[in-house]
Amino acid sequence: MSARGEFSSRIGFILAAAGSAVGLGNIWGFPTQVASNGGAAFVLVYIILAFALAYPVLMAELVIGRATRANMVDALGEITGSKIGRFTGVWGFITVSLILAFYALVAGVMISFCLAPIFHFLGFESVTNWLMADLSSEQAISRNIIFCGLFMILTACIVSGGVKDGIERWSVRLMPALFAIILLLIFYVLSLDGAMEGLKHYVLPDFSKILNPDLLISAMGQAFFSMSLGVGTMLVYGSYISKNEKLSSLGASVALVDIGVAILAGLLIIPAMYVALHNGVQIFSENGDYIAGPGLIFAVLPAFFDTMGVAGDFVAVAFFALMIIAAVTSSISMLEVPVAYVVESKGMGRKRSVWLIAVSIFVLSCLIALNFNALFGLVIALTTEYSQPLLGLVLCIFTGWVWKRDKILAELKQGDPELEQGLFWKIWPWYIRFVCPVVIVVMFYRSVIN
């Protein structure tokens, strides 16, 4: 085990896995979905579906990982005993690498936006304008590539340290920092004019929307994708968990932290948007929906910070530092998926593997940056809208129908001898076999036809 590495503590794993789940989507996607879909009614549905859909799939990845003590390709090959399993692992390997390629571009822009207020404060306006250039503009290409490279170097430095001295060590530092920054920003934003109106839109439920099919689909999608399921990150992290740990409670802890960060993000973003509206910033698109995603982060909020004067520079630095932390904790888990495969299946040293793969992914990022309008949206759609849910579906099928039930039980009982008497074992096996595949298929179908 020492050659593979292992998380040294329960809290180390929880913070690392939660960090993988807590990404940019939690901060820019969840809040506006809440505000657009019935406020607290959406939050309630999201929490229910996070445990009804995402948690069972999360548990499937953790169980496979710990049982096989292997990377995604070898693990799925072992539990299925076929080339189909290994092919699925390679599919996940490629998908997560493509996700990291566009993710690193966006995260690099977060770094440049974090530095821009500092240069603005110092009076370097030409540098500030270059750092703040629109993500898809011609003048932003060099900025996108340079800062994407810096982000990949940061990610590779952490992953090259291994499980304990790299991933765990930095996760237990970065996640508390994330919570501290988000709480400080919440308290500050709530003290500003207009914030209470945004808080009302966020916390007051509109139960008339709770059975709206679009709300249910949105909540299912957010619950599934926010925990970074399907691409092997949780499977690989699961392979580094001690056999003495109770997996069902570990998985629940990860889900709770992920949900908690999403809810806190809503408490920050929605009031901030209404403060921006109070200050004259447009927060609605032409069709009346909230501006979400990159438009929210790279247009609405920077415009809001500009209306705050000198204080806006300090708030902007804190906010984009928060975004960088969320990006890094996710990117290290994504890079670990292909690294684990190359180290274990090809016998290459960890540091050499990390830098080889990091450079390869950076080359993909450069290709996307140089052909931004053609490739950026296409890669996002292929990976997150199509490949990721289908991978999640296949993992459910492997766990529920292919892998022998007695082997799953034996693995889970290693950290929980009383497992068979508990509620988890009475529900989870048939749930992952029948319910999760059906729900994922419905979700995938609705997202495609929409």
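**Close-up views of a predicted model**

**View A. Phe113, Phe298, Phe304, Phe305, Phe319 and Phe320 come together in one aromatic cluster.** The model is a predicted one, in which local features need pLDDT of at least 70 and side-chain atom pairs count only at pLDDT 80 or more, while totals for chains, interfaces and linings use all residues. Residues are numbered from 1 along each chain as its sequence is written, and side-chain values use heavy atoms, with hydrogens and water left out. Across the whole structure, a search finds 25 aromatic pairs (rings of Phe, Tyr and Trp, the last by its six-membered ring, pair if their centres lie within 6.5 Å; planes under 30 degrees apart count as stacked, over 60 as edge-to-face and the rest as tilted).

**View B. Phe7 and Tyr240 form an edge-to-face aromatic pair, 6.3 Å centre to centre and with 70° between the planes.** This pair links distant parts of the chain, since Phe7 belongs to the segment before α1 (10-21) and Tyr240 to the loop between α12 (233-238) and α13 (247-278), 233 residues apart (helices, H or I, of at least four residues, and strands, E, of at least two, are DSSP runs numbered from the N terminus). Phe7 is buried, with a relative accessible area of 6%, and Tyr240 is buried at 1% (buried means under 20% relative accessible area, exposed over 50% and partly exposed in between, with a 1.4 Å probe and protein chains only).

**View C. Tyr55 and Phe424 form an aromatic pair that is edge-to-face, with 6.3 Å from centre to centre and 70° between the planes.** Tyr55 lies in helix α4 (residues 40-68) and Phe424 in helix α19 (residues 423-449), so the pair ties together parts that are 369 residues apart in sequence. Tyr55 is buried, its relative accessible area being 12%, and Phe424 counts as buried at 16%.

**View D. Ser160 is found in the loop between α8 (141-159) and α9 (162-189).** Ser160 is buried, with a relative accessible area of 14%. Leaving aside residues up to four places away in sequence, Ser160 touches Arg350, Lys351, Val354 and Trp355 (contact means heavy atoms within 4.5 Å).

**View E. Lys164 has its place in helix α9.** Not counting residues up to four places away in sequence, Lys164 touches Glu6, Ser8 and Arg169. The C-alpha atoms of Lys164 and Gly12 are separated by 8.6 Å, although these residues are 152 residues apart along the chain.
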